Amino acid sequence: MLTGYIDGLGLVFQFGTLLAIAGGTFLGIIMGVLPGLTSAMAIALLLPVTFGMPPVMGIGMLLGTLCGAGASGSIPAILLNIPGTPSSVATTFDGFPMAQKGEAGRALGLAIVASFFGGVASMVVLSLLAPPIAEFALRFGAAEYFSLSIFGLVIIASVAGKSLLKGLIAGLIGFFCSTIGTDPIAGVDRFTFGQLSLLTGINLLPALIGLFAVSQVLKDAFEYDPSSKLQSSAHKVDIARPRFIETLRNWRALLVGIVSGSVVGPVPGAGGSIASLVAYDQARRFSKTPEKFGKGHGAGIVSVESANNALLGGALIPTLALGIPGEAATAVLLGGLMIQGVTPGPMLFESQGGIIYGIFLAYLVANFFMLIIMCLGIKLFVRVLLVPRKQLISAIIVFCFIGVYGVDGDVFNLYIMLAFGLLGYFLNRYGFGTAPVILGLILGPIAESNLRRGLQTFGGDWTPFFTRPISVTFLIIALGLLALTLWQNYRTRQQDSASGAT
Amino acid sequence: MAKDIGKPIFDLFLVVASAIGFYMATTLPAVSMAGGLTPATFPKLISGLIFVCAVPCLIRDYYEWLAARRMRGEKTAPNATPSKQGILQWLTIVALIIVYINFFERLGYIVSTAIFCFLNVVCLVMTSGEFQKLSNRRKLRNLAAYTVFAFALSLVIYYVFTELFNIPLPD
């Protein structure tokens with residue numbers, strides 16, 4: 001492990017890599033400030049920039065984006081009461097009241113430092129937990145990989161869509177799309193319609209950009225209303241001074257945030273909004289002054305923001321160790337890793353140790369850049385909110401085109417991007433969610449090839465899939481979570497109908 | 001409650017698309033492999049599952065839509081159906097993207113992108129009614145600003161990506 005870190009240090013501490021991480025963090029912060037632009041979309045848009053970069057530099061840039069977007073959602077949440085990202089919803093509870101009291105700079109300073117501590121702590125958790133999990137996963141055979149992919153799909157389907165059934169449908173659509181192209185075992189063309197570009201299957205990048213960026217642009221175009229202008233902040237923010245002492249004084253809230261984020265993070269599909277709400281609730285319970293929460297209390301901001309960034313490292317654990325992303329942003333990041341030629345999963349730690357430890361360190365460095373850039377550029381980021389939507393829509397589409405065309409100069413991929421954009425738009429609009437589709441696209445080939453390879457190995461016998469201990473454990477957990485989600489949905493419906501009747 | 005008729009229509013689309021997918025999978029060559037699974041098995045299984053999951057969604061969303069319609073009488077709520085302006089804006093941008101794709105290589109990156117950006121902004125301000133509210137002088141000034149924006153954006157991006165990141169773009 002130590003050798004890995006030494007190799008990683010050499011890869012990260014190069015001028016170009018540090019610049020790329022800083023650039024990614026800066027752009028991530030800008031994206032996070034703009035309500036509606038998610039960190040998944042930010043990563044998808046930045047992917048083309050990373051094509052020509054070495055893996056650690058490229059992934060470092062994307063991690064910087066993830067880190068920046070995760071932290072900067074607090075800026076509009078505090079200044080305008082508009083959460084920049086879903087995970088910043090809870091930041092508005094205390095951030096905006098504090099800003100209204102004329103302490104916007106203090107609120108931002110607390111949010112920035114808490115995000116920093118959360119991010120650094122999550123990097124420690126990531127680097128401690130990911131290697132043993134990956135080592136354990138080395139025991140996986142075809143049956144285990146098949147069950148793992150089913151497990152990953154079921155979990156994300158159960159939380160991503162508004163209903164379990166719809167989430168499953170979205171995941172299955174991804175699975176079906178992954179069958180397009182030449183069959184991995186028999187070499188038969190499937191659903192290619194004579195189109196050469198489809199022989200190798202659907203490229204991940206056009207699908208990613210379509211599902212996460214184009215679909216959002218289509219939504220923005222649909223909802224475009226010139227009369228609803230984004231307000232500029234009435235609060236005076238000269239410079240957000242980092243509040244290290246005050247953040248540490250709220251150590252209880254900080255610890256609660258870090259623990260909540262680290263625990264919720266690795267749970268596939270749980271997401272930042274859950275982690276931050278759990279952290280806020282727990283911080284209030286543990287507080288000696290719970291009555292102050294919701295009225296501009298520093299501990300509220302600290303708990304939420306530390307949880308938001310602590311979650312990111314946790315979410316990277318299953319992504320890097322097992323190749324199973326937990327939510328949308330890490331799913332896009334996984335796509336980025338694959339485009340970079342880095343195949344996440346247990347073998348990653350064996351074969352590309354330097355790269356993986358370089359990625360851990362890059363994430364740590366990204367947190368430092370986030371702290372510095374957020375403190376220095378706060379006034380600029382507030383102004384980003386004033387960029388007119390109509391120009392932003394055009395610019396995003398142009399970036400999408402460069403990203404997709406830049407891969408191999410194939411115009412057909414632009415049509416694929418548009419098709420996935422349209423699909424993503426309707427899936428989001430009608431409550432299916434887009435994250436399961438991308439996960440289906442990634443996991444589909446793993447599931448199919450391992451199922452067929454497994455059956456070949458076992459001579460057509462299905463029972464090893466249900467009798468091998470690790471394989472059956474994944475299937476049982478997946479089934480258990482399915483049952484739990486169905487039960488929760490049933491309870492929610494019962495409560496809804498009961499409240500509707502009264 | 002589902003108030004948007006688009007919901008059951010989209011479910012119906014999924015039902016039909018999965019049925020077509022299943023049918024197309026049955027036409028794939030049945031290359032027999034050890035273990036018994038052919039290249040058609042997985043797509044058939046997946047499209048079949050989509051069909052099985054989409055049918056209850058269709059029934060539920062349709063009845064929820066009907067119930068919501070009945071509750072509000074013949075007229076649905078103002079937010080029940082998408083606004084005409086929204087649909088127009090949406091269709092315009094989809095059409096522009098298709099045109100942009102078609103002319104991306106033919107006109108080259110700079111020209112096609114500048115035209116797309118200009119038309120996109122103009123179409124949005126026209127369809128949203130933003131433009132009609134302006135005085136003639138302001139209209140001209142804004143048009144000039146949109147033109148500058150379109151060309152500046154395409155030029156800057158072209159040079160950044162081709163020179164800095166070595167990403168080839170059509171000339």
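A residue is called buried here if 20 or more other C-beta atoms lie within 10 Å of its own, exposed if 12 or fewer do, and partly exposed in between, with C-beta atoms placed from the backbone. The structure is a predicted model, in which local features need pLDDT of at least 70 and side-chain atom pairs count only at pLDDT 80 or more, while totals for chains, interfaces and linings use all residues. Residues are numbered from 1 along each chain as its sequence is written, and chains are lettered from A, and ligands numbered from 1, in the order in which they are written.

Chain A has an average pLDDT of 82, and 91% of the residues score at least 70. Helices (H or I, at least four residues) and strands (E, at least two) are DSSP runs numbered from the N terminus. Within chain A, helix H20 (residues 412-429) has the highest confidence, at 94, and helix H18 (residues 378-384) the lowest, at a mean of 71.

Helix H15 of chain A (residues 328-339) has twelve residues and spans 17 Å from its first C-alpha to its last, close to the expected 16 Å; the expected span is 1.5 Å times one less than the number of residues. Ten of the twelve residues of H15(A) are buried, so the helix is largely enclosed by the rest of the structure. Among them are A:Ala328, A:Thr330, A:Leu334 and A:Gly336. The buried residues of H15(A) pack against helices H3 (39-46), H4 (55-72), H10 (204-223), H14 (298-322) and H21 (435-457) of chain A. After the helix comes A:Gly341, with a positive phi near 85°.

Turning to the interior, a nonpolar core is a set of buried Ala, Val, Leu, Ile, Met, Phe, Trp, Tyr and Cys residues joined through C-beta atoms within 7 Å. The largest such core has 215 residues, and A:Ile43, A:Ala44, A:Ile169 and A:Ala362 have the most contacts inside it. Helix H7 of chain A (residues 104-137) provides the largest share of this core, 17 residues. Domain 1 (6-71) and domain 2 (84-164) of chain B each contribute at least three residues to this core; domain bounds come from an automatic or database domain assignment. The C-alpha centres of these two domains of chain B lie 38 Å apart. Contact means that the C-beta atoms of two residues, placed from the backbone, lie within 7 Å. Apart from neighbours within four places in sequence, A:Ala362 is in contact with A:Val12, A:Ile21, A:Val56, A:Ile59, A:Gly60 and A:Leu63.

Between the chains, 50 residues of chain B are in contact with 49 residues of chain A. On the side of chain B that touches chain A, H2(B) gives the most, with ten residues. This side of chain B has 36 nonpolar, eleven polar and three charged residues, where Ala, Val, Leu, Ile, Met, Phe, Trp, Tyr, Cys and Pro count as nonpolar, Asp, Glu, Lys and Arg as charged, and the others, Gly among them, as polar.

Two phenylalanines in the loop between strand S2 (189-190) and H10 of chain A also deserve a look. A:Phe191 has a positive phi near 55°, and A:Phe193 has a positive phi near 50°. A:Phe191 is partly exposed, with 18 other C-beta atoms within 10 Å, whereas A:Phe193 is exposed, with 8.

Methods
pLDDT = per-residue confidence, 0-100.
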